[in-house]
Amino acid sequence: MGTISLKNISKSFGSTQVLNNLNVDINDGEFLTLVGPSGCGKSTLLRIIAGLEQQTSGDVLIDNKNVNRVRASERDLAMVFQSYALYPHLTVRRNLETPLRLRDYNAFERLPLIGNFSPSKKDKTESINQLVNKTSETLKISELLDRKPGQLSGGQRQRVALGRAMVREPVAFLMDEPLSNLDAALRVHMRSELSELHNSLKTTFVYVTHDQAEALTMSSRMAVMIDGNLLQLDTPQEVYDNPSSLSVAQFVGSPKINIFKGTADSSGTVGFLNVNLKRKSSESNTDLHIGIRPEHLEITNESNENTFSGTVAYRENLGSDIFFHVNIEDGSNKIIVRGLPQFTHQISNGSNVNIKRVSDKALLFNQAGMRVQFTNA
Amino acid sequence: MEAKQYIGEGWKHAILIIGAIVVMLPFYMMVSMSLKSQQEIQSISGGLIGAQETQTFPVCVKTGYSEETCTMKPYQYNYWFAFEKAPIPRYLMNGVIVTLSIFIIQVLVALPCAYALAKLRFYGREFVFSMVLFCLLIPVHGIALPLYVMLAQAGLVDTYSALILPWTISVFGIFLMRQFFMTVPDELIDAARMDGMGEYAIVWKVMLPTAIPALLAFAIFSVVAHWNDYFWPRMVITGNRDLFTPPLGIREFRGGIDSDEFGPMMASIVTVTVPLIVAFIIAQKRFIEGITLTGMK
């Protein structure tokens, strides 16, 4: 089992409030991602779960047991660090053995030389060796066992760090931006490997990242944190399609969501630029932010009451997609539009384009940044 | 490379070579005098090793050895007589016992201290650290007398304890190791905690191995300082020759009825200096190898 519950967790360093009354329930076997911009407190939260940091108030429950007073080493969690934190003076094998030796050997058996006289040590060593071999085969690092961390590449160190976490078969894995030191190609590859690993281990993963792409690709649920507050906790698709607030909408998704200033009139009709939305807002007579993702805008030849025009300032060709950064005519906005290469490859910087939106995709936010729903009518 | 650059490099090397000669000269004199006869030393003749003529040495005969025993080449005589006159192996052993005990206890104290000051958060940490810095400013000679009185009261004068105890807490060691520990990433310590290590285990199994280069630097400071120390042993070892450290032993060759005989004296000094030089050369190699933290980033 590996359920983790955080109840009313707050943390402050001196007068700085880092975490604000957080409540999270992590299910057994779940891949939960804590995602947010740097400095939002996500790493602190992970360290509180690990027991490396003490919360100012609130409770941490692991498998429904309160572990507020339990030391990090006794919580039976394993952690993978951003810098991997392998013991630089030990071989890979010894690095993998260390958590097992500390768990299995008693104090006498850990003594150098005379510890070997303990009768039970031989069996324990045998089982440790088996576990290390099994783990290193799973992670394909068997041939690295006699090397020191300094002789490994970044990707290999990453695997060893994972291995050191895995050997102990903990109730949950905690990962603190484990992929951020890898190069881009390897990072994408490791994402799929981590997901596979999670599927085969079926253990709870709590994963911290500032990269919303990692959160979207790997997690079963993601928790978006900004400035010490938990803004939304849901499946990646739901967070992407249905962000609860403007900050979440802006944080999740790359390129960023386009935000237009608009208004809702007394009947709830939402208008921005020269366009009116078909659906009606549940809040009327107010200024609104209208969010439309780049893939929900299209470059078109039509020009009517549903389109608006602008000048292409910059074109970002990714091969499969081209993103156009467009200055809207009234000068208020710079927006990003996705175009398919086969239709838009001839459009160059400085051209005038008409833009139309895909209907039923706009998101509304009020002045406070909270989500405003459309009425069903 | 351009000719100009050669000249520039040449100047640098010329200056460095002059500096090296100035530093090496006393050592050259020491080795040379330990090989030559008294006459050659006093007349400043004979180059590095002298003529090495077999001769009978008068001081030796005066001390009570037969003329036959006292007839040999100068280099043989100098070293043989140095060991005959004073129990040099005993002095060397005392030196080893004292310096090693001091160093080991210093490490036992300094490492946990430095770890706490560098990596643990506790109330008053900054104050404790500022006291460490303050203690660095106190000269040893300033507190020698009170220390002596305390040791005398405790009845420890003329014991190994008197030589070792006052030096077991090295604020310099604490400071040096603390500065080094500051550079060890916190994540490594957190990883060790997650693996189940206690704080003492972290000090000895994680911090110590990563700190080997700093520890070696400290070892050189500590061992050289206490191996060569003359002042403190002279104060607390008042009579018992069995407790003499090497510098006190060398003093045996000065003055007295035999007049100053430089050959055996220099031979004893060479014997006392060589272990240090050898230790330094061995340590220097490890220094450069070191266990780096490159595996961390």
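Tutor: Start with burial: a residue is buried if 20 or more other C-beta atoms lie within 10 Å of its own, exposed if 12 or fewer, and partly exposed in between, with C-beta atoms placed from the backbone. By that test, buried residues make up 38% of the 377 residues in chain A. This is a predicted model: local features need pLDDT of at least 70, side-chain atom pairs count only at pLDDT 80 or more, and totals for chains, interfaces and linings use all residues. Residues are numbered from 1 along each chain as its sequence is written, while chains are lettered from A and ligands numbered from 1 in the order in which they are written.

Student: Why is helix H1 of chain A called largely enclosed?

Tutor: H1(A) covers residues 42–50, and eight of its nine residues are buried, so the rest of the structure largely encloses it. The buried set is A:Lys42, A:Thr44, A:Leu45, A:Leu46, A:Arg47, A:Ile48, A:Ile49 and A:Ala50. Just after H1(A), A:Gly51 takes a positive phi of about 90°.

Student: What makes a run count as a helix or a strand?

Tutor: Both are DSSP runs, numbered from the N terminus: H or I over at least four residues for helices, E over at least two for strands. Chain A has nine helices and 21 strands.

Student: How are the domains of chain A set?

Tutor: The bounds come from an automatic or database domain assignment. Domain 1 runs 4–246 and domain 2 runs 256–372. Their centres, taken over C-alpha atoms, are 41 Å apart. Four residues of domain 1 and six of domain 2 make the contact. Contact means that C-beta atoms, placed from the backbone, lie within 7 Å. The C-alpha trace of chain A spans about 90 × 45 × 35 Å along its principal axes.

Student: Which residue class leads on the side of chain A that touches chain B?

Tutor: The contact takes 21 residues from chain A and 20 from chain B. The chain A side divides into 14 nonpolar, five polar and two charged. Ala, Val, Leu, Ile, Met, Phe, Trp, Tyr, Cys and Pro count as nonpolar, Asp, Glu, Lys and Arg as charged, and the others, Gly among them, as polar. Nonpolar residues lead, with 14. By element, H2(A) (92–104) gives the largest share, four residues.

Student: Why are H6(B) and H9(B) called oblique?

Tutor: The axes of H6(B) (residues 125–136) and H9(B) (residues 171–182) come within 9 Å and cross at roughly 130°. Axes are lines fitted to C-alpha atoms, for helices over the stretch in contact, and angles run from 0 to 180 degrees between N-to-C directions. Under 35 degrees is roughly parallel, over 145 roughly antiparallel, 65 to 115 roughly perpendicular, and the rest oblique. The crossing of roughly 130° therefore makes H6(B) oblique to H9(B). This contact has eight nonpolar, no polar and no charged residues.

Student: What makes the crossing of H5(B) with H9(B) right-handed?

Tutor: A crossing is right-handed if the near helix is turned clockwise from the far one by less than a right angle, and left-handed if anticlockwise. H5(B) passes H9(B) in a right-handed crossing, whereas H6(B) passes H9(B) in a left-handed one. The axes of H5(B) (residues 88–119) and H9(B) come within 8 Å and cross at roughly 45°. This pair is therefore oblique too. By class, the contact of H5(B) with H9(B) has 11 nonpolar, two polar and two charged residues.

Key. Two residues are in contact if their C-beta atoms, placed from the backbone, lie within 7 Å.
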